[in-house]
Amino acid sequence: HDQGATALARALRAVPALRELVLDDNKIGNRGSEAVADTMAARSCKMETFSVARNNLGDPSLAFLLDSLAGKTSIVSIDVSFNSLAQCSCKALAGVLSKCANLRTLDCHWGHMRAHGAVTFAEGLAMSTSLTSLNLAFNGFGDLAPCSALCDALAKDTCAIVSLDLSCNRIGEKAACLIAAKGMNLSLSLERLILDKNPIG
């Protein structure tokens with residue numbers, strides 16, 4: 001899988017007009033991820049849509065890919081669902097959120113985000129002024145620290161999020177109250193909030 005992704009990444013350098021790259025369900029591996037990241041980081045790359053869903057990528061590999069997108073003003077949609085978003089990749093995602101001025105859609109469901117990584121992500125989210133759709137289903141934002149950081153981001157008057165999916169985040173009574181008081185009451189943009197399958201009570 002690594003060799004195939006590496007060969008593909010080299011070939012992509014010769015296609016500067018490419019705007020959408022979907023590598024879902026490919027198991028591109030560590031070397032493949034680094035090769036794709038190198039290509040994405042090139043100045044000539046004007047990618048708008050990037051997806052590596054269901055690749056079972058580990059934290060360092062995913063961080064390489066996300067770091068290559070930071071600052072790309074062309075990028076509007078990213079899907080990293082069903083990969084392991086731990087501390088390094090959450091920090092990289094925070095950089096993408098703060099630097100990609102035209103990012104509109106981000107899908108991180110089944111990303112295993114929790115604890116410090118989830119807080120880091122939420123702090124980056126607070127810097128985004130363009131993101132409108134965010135899927136965080138099946139992560140760990142039910143814990144109070146990540147939940148509080150997420151609500152702080154939603155409450156900012158520069159937050160543009162219209163749709164937020166928090167299904168299956170272990171959101172209990174205290175976290176639900178926090179979301180109601182800070183995330184919902186103070187948000188100026190939120191129109192759609194999904195809280196399926198949480199132990200809200």
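Reader: In the protein, what share of the contacts with a separation of 6 or more comes from residues 24 or more positions apart?
Author: A word on the basis first: this is a predicted model, where local features need pLDDT of at least 70, side-chain atom pairs count only at pLDDT 80 or more, and totals for chains, interfaces and linings use all residues. Residues are numbered from 1 along each chain as its sequence is written, and side-chain values use heavy atoms, leaving out hydrogens and water. Contact means heavy atoms within 4.5 Å. For contacts with a separation of 6 or more, the share from residues 24 or more positions apart is 85%.

Reader: Which pattern does the protein follow when read along the sequence?
Author: Helices (H or I, at least four residues) and strands (E, at least two) are DSSP runs, numbered from the N terminus. The protein has 7 helices and 7 strands. Read along the sequence, they give α-β-α-β-α-β-α-β-α-β-α-β-α-β.

Reader: And what is the radius of gyration of the protein?
Author: The radius is taken over C-alpha atoms, and the globule rule is 2.2 Å times the number of residues to the power 0.38. The C-alpha atoms fill a box of roughly 50 × 30 × 25 Å along the principal axes. For 201 residues a compact globule would come out near 17 Å, and the protein agrees, with 17 Å.

Reader: Let's look at helix 3: how many of its 11 residues are buried?
Author: The buried residues are Asp-59, Ser-61, Leu-62, Ala-63, Leu-65, Leu-66, Ser-68 and Leu-69. Their cover includes helix 2, strand 2 (49-51), strand 3 (77-79) and helix 4 (87-99). Helix 3 is largely enclosed by the rest of the structure, because the buried count among its 11 residues is 8.

Reader: At what angle do the axes of helix 2 and helix 3 cross?
Author: Axes are lines fitted to C-alpha atoms, for helices over the stretch in contact, and angles run from 0 to 180 degrees between N-to-C directions. Angles under 35 degrees count as roughly parallel, over 145 as roughly antiparallel, 65 to 115 as roughly perpendicular and the rest as oblique. The axes of helix 2 (residues 29-41) and helix 3 (residues 59-69) come within 8 Å and cross at roughly 5°.

Reader: How do the residues of the contact of helix 2 with helix 3 divide?
Author: Helix 2 brings Asn-30, Ser-33, Glu-34, Val-36, Ala-37, Met-40 and Ala-41, while helix 3 brings Ser-61, Phe-64, Leu-65, Ser-68 and Leu-69. Ala, Val, Leu, Ile, Met, Phe, Trp, Tyr, Cys and Pro count as nonpolar, Asp, Glu, Lys and Arg as charged, and the others, Gly among them, as polar. The division is 7 nonpolar, 4 polar and 1 charged.

Reader: How do the residues of the contact of helix 3 with helix 4 divide?
Author: The axes of helix 3 and helix 4 come within 8 Å and cross at roughly 10°, which makes the two helices roughly parallel. Asp-59, Leu-62, Ala-63, Leu-66, Asp-67 and Leu-69 of helix 3 meet Gln-87, Cys-88, Ser-89, Ala-92, Leu-93 and Val-96 of helix 4. These residues divide into 8 nonpolar, 2 polar and 2 charged.

Reader: Which residue follows helix 3 with a positive phi?
Author: The phi in question is near 90°. The residue after helix 3 is Gly-71.

Reader: Is Asn-56 buried or exposed?
Author: Asn-56 lies in the loop between strand 2 and helix 3. Its phi is near 55°, a positive value in a residue other than glycine. With a relative accessible area of 61%, Asn-56 is exposed.

Reader: What is the relative accessibility of Trp-110?
Author: Trp-110 sits in the loop between strand 4 (105-107) and helix 5 (115-125), and has a positive phi of about 55° although it is not a glycine. Trp-110 counts as partly exposed, at 34%.

Reader: Which residues does Ser-133 touch, not counting those up to four places away in sequence?
Author: Ser-133 lies in strand 5 (residues 133-135) and is partly exposed, with a relative accessible area of 26%. With that sequence exclusion, Ser-133 touches Arg-104, Thr-105, Leu-106 and Ser-163.

How values were computed. Buried means under 20% relative accessible area, exposed over 50%, partly exposed in between (1.4 Å probe, protein chains only).
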